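Subject: A structure to look through

Hi,

Here is the structure I promised to pass on to you. Please open it and keep it beside this email while you read.

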Amino acid sequence: MNKEFAGGKSENIATFVRQVFQPEDLVLREIRKRSTSKGLPEIQVGEMDGLHLEILTRASGAKKAVEIGTLGGYSGVCIARAMGPGGMLYTFEADKNHAAVAQESFARAGLKENTEIFIGPAIKNLNLIEKYGPFDLVFIDADKENYPNYLKWAADHLKLGGLLLGDNTFAFGMLADETFENSEDATTVRSIRLFNEAAARSGRFRATLLPTGEGLTLAVKIK
Ligand code: SAH
Ligand code: MG
């Protein structure tokens with residue numbers, strides 16, 4: 001339950017923090033439950049990570065955001081609600097069943113006008129929104145092997161000072177491993193390493209990796 005909490009060292013601290021910060025309201029709780037009951041994989045951001053996304057979006061003052069990997073709309077609601085009534089979230093999802101759940105989530109959250117879902121492989125569809133750029137924030141949380149490609153897209157379509165966020169950048173605990181159980185894991189790790197290296201050292205971002213349970217790369221476009 002608390003696996004997503006930074007470090008995960010102390011269950012007591014995680015419980016305390018959740019009680020104080022109350023990360024998940026009724027809207028988000030309903031999305032989490034409905035997503036599960038509709039058979040979606042339980043891979044949405046953890047509740048504290050959802051709150052991190054909301055606060056980072058608010059802090060950045062973003063009004064135009066892009067999300068790659070919608071699932072049931074949990075993280076999308078966190079980002080879209082943080083932008084307020086003038087905000088717009090363009091979100092990309094390959095699976096039409098996931099997108100249908102997200103559509104309902106956005107409607108229930110009162111964010112129908114502030115969200116648009118693009119169904120299909122993100123790599124193919126991202127060009128559809130380029131005319132609305134440059135963007136204030138890009139959140140990457142889909143197929144790991146394309147993380148370097150998504151970063152490249154973000155570097156080209158974020159405004160200067162725009163925020164790049166990448167979830168699961170500890171590569172499910174495998175980031176520093178040398179051997180892998182299968183080639184899929186090896187590919188995941190190679191891609192997430194490339195992603196982190198590009199965020200850290202391409203010269204286009206100043207970047208850090210926040211030690212959430214899953215690892216959240218956070219970068220500001222500087223060039
Ligand atoms: N951001 C969501 C979780 C996303 S899970 C949340 O925290 O609420 C990853 C999602 O990416 C899944 O729904 C999966 O179907 C989608 N996905 C996988 N490959 C994709 C691709 N190539 N293009 C777009 N979406 C993809
Ligand atoms: Mg994720």
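Below is what I found in it, topic by topic.

Some ground rules come before the details. This is a predicted model, in which local features need pLDDT of at least 70 and side-chain atom pairs count only at pLDDT 80 or more, while totals for chains, interfaces and linings use all residues. Residues are numbered from 1 along each chain as its sequence is written, chains are lettered from A and ligands numbered from 1 in the order in which they are written, and side-chain values use heavy atoms, with hydrogens and water left out.

**Helix 1 and what follows it**

Helices (H or I, at least four residues) and strands (E, at least two) are DSSP runs, numbered from the N terminus. Helix 1 covers residues 11-21, and its buried residues are Ala14, Val17 and Arg18. Down the helix axis these residues fall within an arc of 100°, so they line one face of the helix. That arc is taken from the directions from the helix axis to the C-beta atoms. Here is the background: an α-helix has 3.6 residues a turn, so residues three or four places apart point the same way. Asn12, Phe16 and Gln19 are exposed on the other side of helix 1. Buried means under 20% relative accessible area, exposed over 50%, and partly exposed in between (1.4 Å probe, protein chains only). The cover over the buried residues of helix 1 includes helix 3 (47-60).

Although glutamine 22 is not a glycine, it has a positive phi of about 45°. Glutamine 22 is exposed, with a relative accessible area of 58%.

**Ligand 1**

Which residues come nearest to ligand 1? Of the 22 residues around it, they are Gly69, Ser75, Glu93, His98 and Asp141. (A residue counts as near if one of its heavy atoms lies within 4 Å of the molecule or strand in question.) A polar backbone atom of glycine 69 is 2.8 Å from a nitrogen atom of ligand 1, and a polar backbone atom of alanine 122 is 2.9 Å from a nitrogen atom of ligand 1. Glutamate 93 uses a polar side-chain atom, which lies 2.6 Å from an oxygen atom of the ligand. Taken alone, ligand 1 exposes 580 Å², and the protein buries 87% of that. Accessible areas come from the Shrake-Rupley method with a 1.4 Å probe; for residues, only the protein chains shown count as cover.

Aspartate 141 lies in the loop between strand 4 (135-140) and helix 7 (147-157) and aspartate 167 in strand 5 (residues 158-167), so the pair ties together parts that are 26 residues apart in sequence.

Asparagine 168 is found in the loop between strand 5 and helix 8, and has a positive phi of about 65° although it is not a glycine.

Valine 66 lies in strand 1 (residues 64-68) and is buried, with a relative accessible area of 0%. Leaving aside neighbours within four places in sequence, valine 66 is in contact (heavy atoms within 4.5 Å) with residues including Leu89, Phe92, Leu137 and Trp153.

**One last bond**

The peptide bond from glycine 133 to proline 134 is cis, with omega near 0°. Proline 134 lies in the loop between helix 6 (122-125) and strand 4.

Happy exploring!

Methods. A polar contact is a pair of N or O atoms within 3.5 Å; within protein, one must be able to donate a hydrogen and the other to accept it, and residues adjacent in sequence count only if both atoms are side-chain atoms.
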